[in-house]
Amino acid sequence: MALAVTALAGPRLLSSNDADAKEAATHVVEIKDFIFSPKQLSVTPGDRITWINRDIVPHTATASDKSWDSGTLKTDEEWQTTVEAGMYGDYFCRFHPNMKAKLEIRQT
Ligand SMILES: [Cu+2]
């Protein structure tokens, strides 16, 4: 029986990404001078992302399709969410629609 289970586990397909796949990472996106930084962020489902507003005006991090939304973040406020497979990656600030950024979600 043990052999059968081992066979089912099969070859490892994600050798270079094994560490990422096993351990969730935490990412921080700083909002400063009306810019999300980093503007493009590669994440894996299960990772956590924290947005922190370092400006004196409020901002949001809002999915372009509105499927997720930080709500209003005042100065030094932060919001954290967990990346889900199929999560919408493009986002912007509701108060300043020119502020755009992107999560590049690796599918596992
Ligand atoms: Cu803003």
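Q: Which residues of strand 3 are on the covered face, and which on the uncovered one?
A: Leu 41 and Val 43 make up the covered face of strand 3 (residues 40-43), while Gln 40 and Ser 42 are on the uncovered one. Strands here are DSSP runs of E, at least two residues, numbered from the N terminus. Bear in mind that this is a predicted model: local features need pLDDT of at least 70, side-chain atom pairs count only at pLDDT 80 or more, and totals for chains, interfaces and linings use all residues. Residues are numbered from 1 along each chain as its sequence is written, and side-chain values use heavy atoms, leaving out hydrogens and water.
Q: And what stands opposite Ser 42?
A: Glu 104 in strand 8. Strand 3 and strand 8 (residues 100-105) run parallel and are joined by 4 bridges; pairing takes at least two DSSP bridges between the strands.
Q: Switching topic, how many salt bridges are there?
A: The whole structure has 4, counting a side-chain nitrogen of Lys or Arg within 4 Å of a carboxyl oxygen of Asp or Glu. One of them joins Asp 90 and Lys 102, at 3.2 Å, N to O. That pair links strand 7 to strand 8, 12 residues apart. Also, Glu 30, Arg 54 and Asp 76 form one network through salt bridges that share partners.
Q: Is Thr 50 buried or exposed?
A: Thr 50 counts as buried because its relative accessibility is 5%; the cut-offs are under 20% for buried, over 50% for exposed and partly exposed in between, with a 1.4 Å probe and protein chains only.
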